[in-house]
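I opened a new structure today and kept notes as I went. Here is what I looked up, entry by entry.

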Amino acid sequence: MTSVIWIVVAVLSTFTVGYMGYSRYLSRFVDLDDDRETPAHKYEDGQEYVPAKKPVLLGHHFSSIAGGAPIVGPITAGAIWGWVPALLWVAIGNPLMGAVHDFISLSGSMRHEGKSIGFMIGEYVGERGKNMLLWFAFLTIILVVAVFALVVGIVLNAFPSAATASLVYIALAFGFGVYLYQLDGPFLPGTVVFVAGVFAGVWLGIQYPIALFPAVESGAFPEGTIVLLEFLGNGAWLPGAVVSADAILQPNVAAWVPVILVYATLASALPVWVLLQPRDYLSSFLLYSGVGGALLAIIVGTLLGTSAQPLTIDSSIGAYMGFFGSDLAIGERGITPLFPLLFVTIACGTISGFHSLVSSGTTAKQLNKESDARLIGYGGMLGEGLLASVAISTLAVAGATTAAAGGGIGGALPNFATGGGIILTSLGIPQSFGAPFMALVLVSFLLTSTDTAARLGRYMMEEIVGTRGSGTTTGFSADLGSIAKGRYTNPVIQISIAYLLVISGEWVTLWALFGGANQLLAALALLAGTVWLANWDESKQLASTGVPMTVMVTITVLGLSWVALWDNFYQKLILGNVSGLSGQISAVVQMGLAFVLIYLALSLVRIGYDNITTVRSSSGAAAEPSDD
């Protein structure tokens, strides 16, 4: 049988070549220069623009971009089409497309005062293009916040130990921020003490798991779980809650969602040094341990045979399961073609538009030196690819039995935790500890992405309403403009819409479109980078960004067209594979949203193409915009 180690070898080989060779070329290509002042120093305000040490910023960036999607996507794709197609897209696409996307987004934003990709588009193609991209990004952010908050609730319900550990390291993050930035404590000793506290929190979570409401099914929670709100009943009265073992929004999940959204609101409004920087840095050690530990365990277990079971690919996971996939692909969709749906399904493990918002939203405002962009931008995305390879490995070890129950988070979480627990036995870690630990790793990714998304949504709205000087307005005055751009009031708008989306159940309807919107955003970020390079210097080659942009536009437009015409129009409306008027309305809404996304993307591509051809056909290209 095929050993799982070949998944690791393939990814490490292409990623090493990409970082040692291609990223070095790109660094010279965009002229990274440590003598040039970064926005973090030029506009340092103690609120948003705060220079960060490279390991601290790498921790924030990696924690923010690595949400649940690089786990859910590769596992789902591997179960449908086989582990080889999933592996190839991650191993090849990540260093050539995803890492380029993140690096160019970060570098471009850094050269434009730490502003968003929407601002970059506006600089070169005008206000119409800027506003289209900003609204596109803002609406995508609301979907991200809603889906991630729900998924965090699902994970905390499945693994109550993760709830305790999460509370512990959030508290530690506040302490570390005060220690580092207010008390000016030494960095290395503080790291040792507070990281030790994070891992102590993992142990504490396993010993004292917590939940907000009782489990729907007897025995679903570990023995000794502390139910904090049991005195309020079973939670059936919560908005959207369904008391059923088969329901996604069980009372305990429905209770965690608003808690997570309120936390995201507060985290997005506080200065970055208070929570965002120190929390992401500390939690990154948990994330590095999960990803790095699993990769090391695969190597050790294969070479020394120390795992609880052979680390070979389970017979239920085929190398290639056909163009239309395995039985998991046969459902109300009828058929699920590998092209273009494999690429949209894996999404964040290879390339993600959400990363451009992180790169050009929070990370660019904290870069201490320009050269840091290579490790943080390009290297950070390779780290997410390693997470995707671990996800494929956990699927390969655990088998497709849990994934076949329905894919998505319902299948990915058991696979990631169960398979990860088996893999970690190679290092002498009991599976009873390893499985909850891997669940905690998943929660850490999700929490950091959720609150970073809320902060990015605040930035988007501030740019839409024309704020100058991010985060300077509280929003507690009477006029609507102040509320829309206030750092305390603006996030409330986002999380309110996100909460309504979750409790209404419409997140299920929009989930397929979320993947399409995210990938289209990646194409538009690459478009922004290509336009920037074309206007900067007429001698700059545009293939490094232009080719990935063209590929992503093609894949995503075809994918969204398939969702609209096959999944909704043909399957649901023509064949009638949907029940009731509400189902038909939902299908029509999905079709409309898909075509709106396609229209926005193609319109922006046309505007960008016109700008590039005009600049390149003129006698001389426009100069790179000044930071002043």
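**Entry 1: helices.** I start with a term: a helix here is a DSSP run of H or I at least four residues long, and helices are numbered from the N terminus. By that rule, Pro340 sits in helix α12. I also note that the model is predicted.

**Entry 2: the whole chain.** I counted elements next. The chain has 21 helices and two strands. Of its 628 residues, 61% are buried. I then looked at contacts between residues at least 6 apart in sequence. Among these, 81% join residues at least 24 apart.

**Entry 3: helix α12.** I went back to the helix that holds Pro340. How many of the nine residues of α12 are buried? Seven are, and the helix is mostly covered. I wrote down the buried ones: Leu338, Pro340, Leu341, Leu342, Phe343, Val344 and Ile346. Then I checked the backbone. Most residues other than glycine have a negative phi, and most peptide bonds are trans. The bond from Phe339 to Pro340 is cis, and its omega is near 10°. Ala347 follows α12 and has a positive phi, near 45°.

Entry 4: I looked up Glu113 and Asp184.
- Glu113 has a phi near 65°, which is positive in a residue other than glycine. Glu113 is in the loop between α5 and α6.
- Asp184 has a phi near 55°, again positive in a residue other than glycine. Asp184 is in the loop between α8 and α9.

Are these residues buried or exposed? Glu113 counts as buried because its relative accessibility is 13%, and the cut-off for buried is under 20%. Asp184 is exposed because its relative accessible area is 64%, and exposed means over 50%.

**Entry 5: the nonpolar core.** In soluble globular proteins, nonpolar side chains tend to be buried together. I looked for such a group here. The largest nonpolar core has 187 residues. Phe416 and Phe445 have the most contacts inside it. Which helix gives the largest share of this core? Helix α7, residues 127–158, gives 21 residues. I then listed what Phe416 touches, leaving out residues up to four places away in sequence. The list is Ile71, Ile75, Leu387, Val390, Ala391, Thr394, Met438 and Leu442.

**Entry 6: empty space.** Rolling a probe the size of a water molecule over the atoms shows where empty space is left. A search of the whole structure for cavities of 30 Å³ or more finds one. The largest cavity has a volume of about 60 Å³. It is lined by 13 residues, and the closest to its centre are Ala69, Phe148, Cys348, Ser352 and Phe354. Which elements give two or more residues to this lining? They are α4, α7, α13 and α19. By class, I noted eight nonpolar, four polar and one charged residues in the lining.

**Entry 7: Ser356.** This residue lies in helix α13. Ser356 counts as buried because its relative accessibility is 0%. What lies 2.6 Å from a polar atom of the Ser356 side chain? The backbone oxygen of Gly353 does. Not counting residues up to four places away in sequence, Ser356 touches His101, Ser105, Ile117, Leu521 and Ala525.

**Entry 8: Met460.** I found Met460 in helix α16, residues 431–464. Met460 counts as buried because its relative accessibility is 3%. Asn131 is 329 residues apart from Met460 in sequence, and their C-alpha atoms are separated by 9.9 Å. Beyond four places in sequence, Met460 touches Ser116, Leu134, Ala137, Phe138 and Leu357.

**Entry 9: Ser283.** Ser283 is in helix α11, residues 276–304. Ser283 is buried, so I wrote down its relative accessible area: 0%.

Methods
Residues are numbered from 1 along each chain as its sequence is written. This is a predicted model: local features need pLDDT of at least 70, side-chain atom pairs count only at pLDDT 80 or more; totals for chains, interfaces and linings use all residues. Side-chain values use heavy atoms; hydrogens and water are left out. A nonpolar core is a set of buried Ala, Val, Leu, Ile, Met, Phe, Trp, Tyr and Cys residues joined through side-chain atoms within 4.5 Å. Buried means under 20% relative accessible area, exposed over 50%, partly exposed in between (1.4 Å probe, protein chains only). Contact means heavy atoms within 4.5 Å. On a 1 Å grid over the protein atoms alone, a cavity is a set of points where a 1.4 Å probe fits but cannot get out, and a pocket is an open set with protein on both sides within 12 Å along at least five of seven lines; lining residues have an atom within 4 Å of a point. Grid points are joined across faces, edges and corners, and a volume is the space filled by probe spheres set on the points. Ala, Val, Leu, Ile, Met, Phe, Trp, Tyr, Cys and Pro count as nonpolar, Asp, Glu, Lys and Arg as charged, and the others, Gly among them, as polar. A polar contact is a pair of N or O atoms within 3.5 Å; within protein, one must be able to donate a hydrogen and the other to accept it, and residues adjacent in sequence count only if both atoms are side-chain atoms.
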